[in-house]
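User: I would like to learn how to read a few features of a protein model, one at a time. Could you give me the general idea first and then the case at hand?

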Amino acid sequence: MASTSSASSASLSVSPATERDWALVRTWAAEEGWNPGLSDAASFFAQDPRGFFLGRVDGEPVSAISVVTYDDAYAFLGFYLVRPELRGLGHGLATWRAALAHAGDRSVGLDGVPSQQDNYRRSGFATAYRTARYVGEVPAADTPVAGVVPAGSVNPAALAAYDNACHHADRPRFLASWLATPGHRALVRIVDGRPAGYGVVRPAQDGARVGPLFADTPADAAALLDALAAEAREFGSARIAVDMPESNPAAARLAEERGLEPTFETARMYTGPVRPVARERVYGVTTLELG
């Protein structure tokens, strides 16, 4: 499907963005307090390099959005941003309309902050569940966590199959990049010789971010979270953040048991039907930007 090449609102033009352009958008996201990962862009663009858009006025970037496609049925919207001093001028809506055409007739998901949820509803999005970001320092385990191994030692097909059960679309390009990005630490929980969960921790603007955190049971999730926190401490980040969906109540219980505290919330919203996932396995979403 071809990307929308341009649109205008007054002097605004909207066009596809490059990975190099996205360094500026990451800065905007950090200024909003979203705490982006330091190396996220490479994996984001690996999934859909045509799914990122900038709005410009007189050549200067003023707005951004991503509409990343996964397959013929599903896309995800994120990075909906307008420079603060230029809000209220219609730039955001014009950017939204131009970029959303990239999704075609796919169902689109997003994670919306409370202040924007009414606007998203008016655009056809319905709330499915809420997600809370839990932040804090996980206490160090007295002994190394057993049954957790590096993702590189696990059959890639088995790990991809596990991920497919927890996401609304297969995402092999994203997953291959996400697991191998320098600085990312990816771990798998092994039970009876097979994956019983996996997670990734990565350096972020403020501390470290965990995502995804997928696991068969609360015990598997706890083992992974403890091991991921240990990995984060190794690269100098005692403080971690993980976005946990209320659709799995065991996730919040795990966060509270480990002393993490909820900070802000978002709502997962969709424009239409999506492929079912094993919600009881989802303890932490991968990212709020790409689902």
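User: Which side chain meets that of Arg-87 in a salt bridge?

Analyst: Please keep in mind throughout that this is a predicted model. The general idea is that side chains of opposite charge can pair when their charged atoms come close. Here the side chain of Arg-87 meets that of Glu-32 in a salt bridge, at 2.7 Å from N to O. Arg-87 belongs to the loop between strand 5 and helix 3, and Glu-32 to the loop between helix 1 (22-31) and helix 2 (40-47), so the pair ties together parts that are 55 residues apart in sequence. Arg-87 is partly exposed, with a relative accessible area of 41%, and Glu-32 also counts as partly exposed, at 34% relative accessibility.

User: How many salt bridges does the count come to, and which residue is the partner of Arg-121?

Analyst: The count comes to 18 salt bridges. To read one within a helix, recall that an α-helix has 3.6 residues a turn, so residues three or four places apart point the same way. Arg-121 meets Asp-118 in a salt bridge of 2.7 Å, N to O; being three residues apart in helix 4, Arg-121 and Asp-118 are separated by about one helical turn. Arg-121 is partly exposed at 36% relative accessibility, and Asp-118 is partly exposed at 48%. Arg-122 is found in helix 4 as well, but it counts as exposed, at 64% relative accessibility, and its side chain makes a polar contact of 2.3 Å with the side chain of Asn-119.

User: Are Arg-171 and Asp-163 buried or exposed?

Analyst: Arg-171 is buried, and so is Asp-163; the two form a salt bridge in which the closest N and O atoms are 2.8 Å apart. Salt bridges that share partners also join Arg-133, Arg-209 and Asp-243 into one network.

User: How many residues of strand 3 are buried, and which strands are joined to strand 3 by bridges?

Analyst: Burial is read here as under 20% relative accessible area. Six of the six residues of strand 3 (residues 52-57) are buried, so strand 3 is largely enclosed by the rest of the structure. Both faces are covered, with Phe-52, Leu-54 and Arg-56 on one side and Phe-53, Gly-55 and Val-57 on the other. Strand 2 (residues 12-16) runs antiparallel to strand 3 and is joined to it by five bridges, with Val-57 as the bridge partner of Leu-12. Strand 4 (residues 60-69) is also antiparallel to strand 3, through six bridges, and Leu-54 stands opposite Ala-64 in strand 4. In the hairpin of strand 3 and strand 4, which has two residues between the strands, Asp-58 takes a positive phi near 50°.

User: What is the volume of the largest pocket, and which residues lie nearest its centre?

Analyst: Rolling a probe the size of a water molecule over the atoms shows where empty space is left. The largest pocket has a volume of about 710 Å³ and is lined by 32 residues, of which Tyr-80, Leu-81, Val-113, Gln-116 and Tyr-120 lie nearest its centre. Among the elements that give two or more residues to this lining are helix 3 (91-100) and helix 4 (117-122), while the largest share, six residues, comes from strand 5. The lining divides into 15 nonpolar, eleven polar and six charged residues.

Conventions. Residues are numbered from 1 along each chain as its sequence is written. This is a predicted model: local features need pLDDT of at least 70, side-chain atom pairs count only at pLDDT 80 or more; totals for chains, interfaces and linings use all residues. Side-chain values use heavy atoms; hydrogens and water are left out. On a 1 Å grid over the protein atoms alone, a cavity is a set of points where a 1.4 Å probe fits but cannot get out, and a pocket is an open set with protein on both sides within 12 Å along at least five of seven lines; lining residues have an atom within 4 Å of a point. Grid points are joined across faces, edges and corners, and a volume is the space filled by probe spheres set on the points. Helices (H or I, at least four residues) and strands (E, at least two) are DSSP runs, numbered from the N terminus. Ala, Val, Leu, Ile, Met, Phe, Trp, Tyr, Cys and Pro count as nonpolar, Asp, Glu, Lys and Arg as charged, and the others, Gly among them, as polar. Buried means under 20% relative accessible area, exposed over 50%, partly exposed in between (1.4 Å probe, protein chains only). Two strands pair if DSSP finds at least two bridges between them. A polar contact is a pair of N or O atoms within 3.5 Å; within protein, one must be able to donate a hydrogen and the other to accept it, and residues adjacent in sequence count only if both atoms are side-chain atoms. A salt bridge is a side-chain nitrogen of Lys or Arg within 4 Å of a carboxyl oxygen of Asp or Glu.
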